[in-house]
Amino acid sequence: MVVNATQRLLETSTLISQGAEAKIYKGQLHPSATLKNSSLKDDPDAIPVLFKYRFHKQYRHPTLDTSLTKARVQGEARAILRCLRAGVKVPGIRMVDAPEGVLGIEWIDGKSVRFLLGGGAEGEEEIEEVDDAVADEDEDSEQEDFLRDYGVTPDQVMKLIGTEIAKMHKADVVHGDLTTSNMMLRHPLKAGGSAEMVLIDFGLAYVSTLVEDKAVDLYVLERAFSSTHPSSESLFAGVLNAYAIKMGKDWKAISNRLDEVRLRGRKRSMLG
Amino acid sequence: MHAVVQPLLPPASKTSRTSFALSSSPDLFHSTCSSQIASFTSTNLSQPSVLRHPHPLHGDVNSLPPKMQSLAYPQFPSTTVHLALFTHVKNAIQLRSRLVKAAEMPGQEGEVEREAVNFAFVNAGLICSSLHLKTAIHRALAAQAQNTLRTKTVHSEILWILNPTNNISEAIRRYGVSDTTESLFVIRVSGPDLQDPQSKMSQVVDGTLSPLSDLQNITDWASIRKYHKLNDIRIDDLDQEEERQWIVNVVTSTVAAKDII
């Protein structure tokens, strides 16, 4: 089998995490210049890149597998780009090799909101784009310290979440898998002053203007909150408040629809 | 304590004159040694250093002159990328016509001339960070490796990738040399054993070799906004520095995702 450049790139990278759909690697895209006294102060060569590799699925017909993988990598990259242009805080794209199923994105130095709120480590079955899966055997009591290290209170985190989701929905991007593990706080030292909320994993994202889709997006997050952070369920109101402020006049319709969705669940009625 | 540290730092401390001489040696550009000290030592032993003319603005022996960067990508083992920034370029008009002529020159003479100008000349004003440029270079190398070049050469491919639209001549017009260009990135994608690319560059471009960090004074943010259609987008509460970081991220991502837009 011919080894191509992208496969070699992954071989030189470190596997961080694996899910059912993809493997996550940390690596370098650009070599350091042979010049050591590089004239660049913030040498971008030293910045790591995260690779999300949608590996070959043996259970699918090869033709179908190739086209699905390609379409998903493209879809994820397009959603990220759309968010970026709208000013939503998402990791920037650094490399795309759709036929190989590899997406290289900006490395975010930080922790997932799930971890910081004391939701514990990510389950093995889930895919994750963060580095916290490696080292977090810490006690729950230490979570407060972590949050303090990031210089934010839980309420501020909720506000950041609500604002960022509202910005994303204003750009008509629906995330499709909003959970606290798919949000990261960039460490204040790396973000330049204050902690920064970054939305990650746009693998299920799509573009939609429908109120229904945005309401379901919020509902999914609400459910995720109550299951991963049962003790801090009341915090979710803070998310909605910030969301409502950022959405302005569009909030009313989404709020009404969210109430409907809560009654019936995220799937629409099968009747009629 | 001091006496212990001193011998470990030959380039920086007492032998700065020697290191200056060595740094001009072409051998270093090809060296992919992981340790700088090791590479200095090996250069020192294997090859007598050749002192070339000191740089006019950087004649001070205590500061190393700006140099071309050479990048060896592990994922593209048969290629090396040589990259340099020239400012105060005076021969942009001649350079452009020379490039056009070289493309049409017949016979042996044409081959020689095409080899002499076998570089990508990128208008540095439209580059907002070295990550931006390197992302484009990486993308072009990948296209070359996969035989999916959309333009004729890997060098023109870099220009095409930098431009957010699919129009090749527009890309060359905007991102290549124009008559008014004063700052140029000169890029050469070659095999690992190209002889002295830096002097080949200097023979073609009449300008000042500058450190890549000078880019921050060159970038033309207004044109970048215009070409990437970012003028109508207003992001709330960003100061100028944050806004520029945002532009860098958008532009770099657009370049990285070139083949799927």
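**Figure 1. Burial and secondary structure of chain A in the predicted model.** Of the 272 residues of chain A, 54% count as buried in this predicted model. Chain A is built from nine helices and ten strands, and among its contacts between residues at least 6 apart in sequence, 68% join residues at least 24 apart.

**Figure 2. Burial and secondary structure of chain B.** Twelve helices and five strands are found in chain B, where buried residues make up 50% of the 261 residues. Contacts in chain B with a separation of 6 or more are accounted for to 70% by residues 24 or more positions apart. Chain B exposes about 12,800 Å², of which carbon and sulfur atoms supply 54%.

**Figure 3. Helix H7 of chain B, residues 130-145.** At 1.5 Å a residue, the 16 residues of H7(B) should span 22 Å, and this agrees with the end C-alpha atoms, which are 22 Å apart. Because 14 of its 16 residues are buried, where buried means under 20% relative accessible area, H7(B) is largely enclosed by the rest of the structure.

Figure 4. At the N-terminal end, H7(B) is capped by Ser129(B), a side-chain oxygen of which lies 3.2 Å from the backbone nitrogen of Leu131(B). Just after H7(B), the backbone of Asn147(B) takes a positive phi of about 55°.

Notes:
Residues are numbered from 1 along each chain as its sequence is written. Chains are lettered from A and ligands numbered from 1 in the order in which they are written. This is a predicted model: local features need pLDDT of at least 70, side-chain atom pairs count only at pLDDT 80 or more; totals for chains, interfaces and linings use all residues. Side-chain values use heavy atoms; hydrogens and water are left out. Helices (H or I, at least four residues) and strands (E, at least two) are DSSP runs, numbered from the N terminus. Buried means under 20% relative accessible area, exposed over 50%, partly exposed in between (1.4 Å probe, protein chains only). Contact means heavy atoms within 4.5 Å. The expected span of a helix is 1.5 Å times one less than its number of residues. A polar contact is a pair of N or O atoms within 3.5 Å; within protein, one must be able to donate a hydrogen and the other to accept it, and residues adjacent in sequence count only if both atoms are side-chain atoms. Accessible areas come from the Shrake-Rupley method with a 1.4 Å probe; for residues, only the protein chains shown count as cover.
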